[in-house]
Amino acid sequence: ARFEYASRYIGKIGDKIQTNFTLIDSRYIQSMNCHAVYGNDDQGNLIFYWARDEKKIVTSGVIHGRVKSHKQDSYRGNARVTTFNYVKVI
């Protein structure tokens, strides 16, 4: 909840971003056959990505990915969330 008001979008759509990541929540979505991973970077900006393999779920570390979209997440108090695609754990 503390990141909901301070979160900002990261980069532009299509940008490749490397950032520190701290996990907030990870849930397995059976219908999608993958994990929904939700966390934040060092500046408190919220990040979301899908992970089919559990090795891509990092508790705390560096991730590299491409910005897929920016949206306000109604499930998270309309917080600004950046969605990553093609995520790799470094």
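Lys16: I looked up how open this residue is, and Lys16 counts as exposed because its relative accessibility is 59%, above the 50% cut-off. The model is a predicted one, and I read each value below as computed from it. I then placed Lys16 in strand S1, which covers residues 16-29.

Salt bridges: How many salt bridges does a search of the whole structure find? I noted two. One of them links Asp25 and Arg27, with 3.0 Å between the closest N and O atoms. I checked Arg27 for exposure, and Arg27 counts as exposed at 54% relative accessibility.

In the other entry, the side chains of Asp53 and Lys55 meet, at 3.7 Å from N to O. Are these two partners buried or exposed? Asp53 has a relative accessible area of 35%, so I wrote it down as partly exposed. Lys55 has 67% and is therefore exposed. I kept both pairs because a salt bridge needs a side-chain nitrogen of Lys or Arg within 4 Å of a carboxyl oxygen of Asp or Glu.

Asp73: I found this residue in strand S4, residues 60-73. Is Asp73 buried or exposed? Asp73 counts as buried because its relative accessibility is 12%, and buried means under 20%. I listed its contacts, leaving aside neighbours within four places in sequence: Asn78, Ala79 and Val81.

Leu46: I located Leu46 in strand S3, which runs over residues 46-51. Its relative accessible area is 2%, so Leu46 is buried. What does Leu46 touch, once neighbours within four places in sequence are left aside? I recorded contacts with Phe3, Ser7, Ile24, Tyr38, Gly39 and Asn40, and also with Ala79, Arg80, Val81 and Thr82.

Terms used
Residues numbered from 1 in each chain as written. Predicted model: local features only at pLDDT ≥ 70, side-chain atom pairs only at ≥ 80, totals over all residues. Heavy atoms only, no water. Helix = DSSP H or I, 4+ residues; strand = E, 2+ residues; numbered from the N terminus. Buried < 20%, exposed > 50% of the residue type's maximum accessible area, 1.4 Å probe, protein only. Contact = heavy atoms within 4.5 Å.
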